[in-house]
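Here is a protein model to look around in. Take a moment with the sequence and the 3D view before reading on.

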Amino acid sequence: MRTPKTRAALLAGLLLAASALAGVNPPSASAAADPVTVTVNTRAGLATVPDTALGVNHAIWDANLGTVETSDLLRDAGVQMMRYPGGSYADIYHWKDHTAPGGYVAPGTDFDTFMAAVRRAGAQPMIIANYGTGTPAEAADWVRYANVTKGYDARYWTVGNENYGNGHYGSAWEADNHPDKSATQYARLVVEYADAMKAVDPDIKVGAVLTMPGNWPDGITAGSDPGPWNQTVLSIAGPKIDFVDVHWYPGGTAAESLARVNHLPDATYLLRQQLARYAGANADRIGISFTELNVDAGRTTQPAALFLADVYSGLLESGVFTVQWWNVHNGMGTVTQVAGQTDYGDFGMLSSGACTEDGTVCQPPLNTPFAPYHGLRMMKLFATPGDQFVRAGTDEPLVTAHAVRRVNGDLAVLLVNKDPDSDHPVTIDYAGFTPSAVAPTVSTLTNGATGIATSQSGSATSRTLPAYSLTTIVLRPAGTSAGRPSTPGQPTASGVTDRAATITWPAATPGGSPIAKYEVYRQNGAVSEQFGETASTSFTVGNLVPGRRYTVNVLARDTAGRVSWASPPLTFATGSPAASACTVRFSTNNDWGNGYIGGVDITNNGTKPISGWTLTWAWPTGWQQVSSGWSATWEQVGTAVRVTPTDDNRQIAVGATVSAGFVGAYSGPNVLPTAFTLNGTVCATG
């Protein structure tokens, strides 16, 4: 979590008369010369928007937590879930007497007040049970009070907050009174918490704290744990939990934070890989919540708004069930100028009305919305519960796109211009959707704006995005969707090899005409490539590439030519051949959070000695590299790695193995390669 201001500073800020600094007008933006091509593909279905999607954090140090004004502002922004009692404070908070020894508790912030605020906003609560200084019995009593005594029907409960920050890996900011601070002990107690809490109310969902893949201490094993934090926790507590909870603060400059949004698809993919590998049977039932996000630069100005909209969209389209901003109110930080606007360095999305300690600079009046609040309101306009995200993409890194298909057939497109200096004209191509001739409804949040401008204007296929802006376009379809088949059910994959997979799905329901066939599509960026079609509900795909990730959708087409909406997505990865003339064992050791000691062992399974060899593979991401190596010559161009022997290991006898090592580095989720080629032959992996 990001800590609040001290008690004295917070109280002083709330008591001092607030005054707003006059905004500095940003320099005039220039227009980029070439239009950006945006592609929106409704054949490439992604996750459906849940009713818990848009979330925020509340905290017991915030005296405005329960006010009518605060709740109404959050309701108007579309907030669907609120987290309590506030990050690391959760591990020192005792709900029965409403105390947090060592921290500040504001008046009017107890649990009942919080629940009243949640209900006024029309949201659901997510409650953090005290792991650091609490007990399973205390957590169970809280469940009893909330759901039996008061009837609040609080469904989501997390055991602790950032508990890997208890000193087990060196850094210590999270309270933890347990003598044993290992991941193993945390996992064992999560089981006890879950058992005790569900004995009171078996319908609640209990979550465990994990670390974000690609972020510290991901990949690090400490003490006597059998593996890194995530592996250890899932291996022990996986069968008992219903969701996992992670946080993400990308850090860096505004431009760096906005660029690192590209890490999210691989991070969520790795997280699901960890769930599948370590959490036991039926691990796909375990949800993912991202309950803290924010930036280091531009927290109250436009970078935070752009980041919020881009991250919320990216995580929700990946199937995360809630994304929650840190924080509602937080307090004054370092005052800077960002893109021509005054930034107060405040993690809150609403002003605390605070001033600097010398009183020379004050925030706007209490509850004045900052830019991320407006970004959240843009999300409310863009994605509503029941909408299905569909794939959208652009050919310009500074412009990103997201899209949802609505239940009524409308299509909403969110465009993010991350360029602080230039307007960008865009042309929009649609696949699987034909917009009507009616002018779309357009909502825009520009740099420095105090609200969202909405109009019905322009065309569906082109417009200009102002510099540093969010734009949402809502389009009506041409024609009607009446009579089309229902959406095919969730596909599954079986028999996955290095070259093939069998895709199976529940049948669609016919609409106005019988179903003629099903079409199976692969997502390739924002473009769909048809694998094939069949009259049955199963299709075997061949000619796949070893070691590659595939995301597919199924659509039903009836005898009148009407096509269903895209099925939910299925993602699977091919591996390496079961048998080959060579075997490669790829290893990682001594991971320190952004690097590791790697190795490759190459075994000759053939019938003849190998004289001279070249081993190649491709990293799955652009932020992985070989920093240095030994016992071979190592080269990397882009994501392609090429390894050739030294004089003393050129020969590999039949049945023999040669080895080489390297230092691997990564600056994002470390998705490891799974396919290796030796002298043109794809090897098995050991």
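Is Asn590 exposed or buried? Asn590 is exposed, because its relative accessible area is 62% (exposed means over 50%, buried under 20%, and partly exposed in between, using a 1.4 Å probe and protein chains only).

## What you are looking at

This is a predicted model, where local features need pLDDT of at least 70 and side-chain atom pairs count only at pLDDT 80 or more, while totals for chains, interfaces and linings use all residues. Residues are numbered from 1 along each chain as its sequence is written, and side-chain values use heavy atoms, with hydrogens and water left out.

The chain averages a pLDDT of 94, and 96% of the residues score at least 70 (pLDDT is the predictor's confidence in each residue, from 0 to 100). Residues 3–27 are another story: pLDDT stays under 50 there, and the model has 48 contacts for them beyond four places in sequence (a contact means heavy atoms within 4.5 Å).

## Two residues with positive phi

Back to Asn590: it has a phi near 55 degrees, a positive value in a residue other than glycine. You'll find Asn590 in the loop between β28 and β29 (595–604). Helices (H or I, at least four residues) and strands (E, at least two) are DSSP runs, numbered from the N terminus.

Ala339 also isn't a glycine, and its phi is positive too, near 50 degrees. Ala339 sits in the loop between β11 (336–338) and β12 (341–343), and it counts as partly exposed because its relative accessibility is 28%.

## The disulfides

Using a cut-off that puts a pair of cysteine sulfur atoms within 2.5 Å, the count comes to two disulfides. With the bonded cysteines numbered in sequence order, the pairing is 1-2, 3-4.

One of them is formed by Cys355 and Cys362, with sulfur atoms 1.9 Å apart. Both Cys355 and Cys362 are buried. The torsion about their S-S bond is about 100 degrees, so this disulfide is right-handed. Another disulfide joins Cys582 to Cys683, at 2.0 Å from S to S. Its torsion is about -95 degrees, so it is left-handed. That pair links distant parts of the chain, 101 residues apart: Cys582 is in strand β28 (residues 582–589), and Cys683 is in the loop between β38 (681–682) and β39 (684–685). Cys582 and Cys683 are both buried.

## A four-stranded sheet

Now look for an open sheet of four strands in the order β24-β23-β26-β27, with antiparallel pairing (two strands pair if DSSP finds at least two bridges between them). β24 (527–534) and β27 (570–573) stand at the edges with a single partner strand each, so one side of each has no neighbour in the sheet. On average, neighbouring strands here are turned by 35 degrees against each other, direction ignored (axes are lines fitted to C-alpha atoms, for helices over the stretch in contact, and angles run from 0 to 180 degrees between N-to-C directions).

Strand β23 (residues 515–524) pairs with β24 in the antiparallel sense over seven bridges. Gln523 stands opposite Ser528 in β24.

In helix α2 (residues 68–76), the buried residues are Thr70, Ser71, Asp72, Leu73 and Leu74. Their cover includes β3 (54–57), β4 (81–84), α3 (111–121) and α10 (371–382). After α2 comes Gly78, with a positive phi near 85 degrees.

In the loop between β4 and α3 lies Pro85, and the peptide bond from Tyr84 to Pro85 is cis, with omega near 10 degrees. The bond from Trp216 to Pro217 is cis as well, with omega near 0 degrees. Pro217 is in the loop between β7 (205–209) and α6 (229–237).
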